[in-house]
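Open the model in your viewer and keep the sequence panel beside it. The stops below say what to select and what is there.

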Amino acid sequence: VSATAAPEPELRSIQALIIDMDGVLWREQQALPGVAELFDLLTSRGLPFLIATNNSTSTRDMIGERLREMGAPIDPSRILTSAQAAAAFLLRQVPPGSRVYVVGETGLDRNLTWEGLSEATYAIRAGALFVGTNADVTFPTPRGLAPGAGAVLAALQAASGVAPVVVGKPEPHLFLTAVERLGTSPERTLVVGDRLETDILGAQRAGLTSALVLTGVTRPEHLEASSIAPTFVFNSLIELCQALRG
Ligand SMILES: [Mg+2]
């Protein structure tokens, strides 16, 4: 697959980037080719960026440390997790001083209890706004796929009869929070991701320009079979860097 740069909108009109992590910056603990080059390029061009992730199980300091180990020292303020975007969303939705019941601690609650689920169910049934960080039903662990935030949301939805408002991709809130922080317009902001049904669909829903990189879960045959069309497709971050340089 060669880079299919559509004539409109052109990459040179891009003023900021929102970058996914897994399958874009790294894969299975290994930094992907072009990571350091990309951040060097963005810094030298003065292009603002945010690393935005559905992952709510890591804090931005943990993610920052991981990137530093991979040779990409990124200021933690450049990292936006779905947990942070959920907090920003709540600030807009409920009056200051409102009580918030959180299911989960640092990221996903590893000590989820019947009592905790019950408290959340009572609150939702009493009319509390029900917000989820992301709807990912599983996440990978060394032992296989473990239940993710989406599995907890499904349990609460079953018990309460209320569907959550989900902040993470492909819903638009995470990206719109990122655009607000970047101070750009959606169409001049480029989402770089590896997953059609979250990164690229989320970018479309939020009105952003998108670049799919084929270093993660999406294979060229998936792209051909999908109705979700990214604005640009690149084999790797190295190709994206070449295109950004023009
Ligand atoms: Mg990814």
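Start with the surface display: the protein exposes about 12400 Å², and carbon and sulfur atoms supply 53% of that area. Accessible areas come from the Shrake-Rupley method with a 1.4 Å probe, and for residues only the protein chains shown count as cover. This is a predicted model, in which local features need pLDDT of at least 70 and side-chain atom pairs count only at pLDDT 80 or more, while totals for chains, interfaces and linings use all residues. Residues are numbered from 1 along each chain as its sequence is written, and side-chain values use heavy atoms, with hydrogens and water left out.

Switch to cartoon. The protein has 9 helices and 12 strands; helices (H or I, at least four residues) and strands (E, at least two) are DSSP runs numbered from the N terminus. The radius of gyration is 18 Å, close to the 18 Å that the globule rule gives for 246 residues, so the protein is as compact as a globular protein of that length. That radius is taken over C-alpha atoms, and the rule is 2.2 Å times the number of residues to the power 0.38.

Colour by burial next. Of the 246 residues, 48% count as buried (under 20% relative accessible area; exposed is over 50%, partly exposed in between; 1.4 Å probe, protein chains only).

Now select Leu17, Leu25 and Phe39, which touch the most other members of the 33-residue largest nonpolar core. Such a core is a set of buried Ala, Val, Leu, Ile, Met, Phe, Trp, Tyr and Cys residues joined through side-chain atoms within 4.5 Å. Elements that each supply at least two residues to this core include strand S1 (16–19), helix H2 (60–69) and helix H9 (237–245). Helix H1 gives the most, with 5 residues.

Stay on Leu25. Leaving aside residues up to four places away in sequence, Leu25 touches Phe39, Ile51, Leu67 and Leu237, among others (contact means heavy atoms within 4.5 Å). For the second, separate core of 18 residues, select members including Ala16, Phe89, Val167 and Val179.

H6 (residues 173–182) is mostly covered, with 7 of its 10 residues buried. Gly183 follows H6 and has a positive phi, near 75°.

Finish at Thr121 in helix H4 (residues 114–125). Is Thr121 buried or exposed? Thr121 is buried, with a relative accessible area of 11%. Beyond residues up to four places away in sequence, Thr121 touches Leu156, Ala159 and Ser160.
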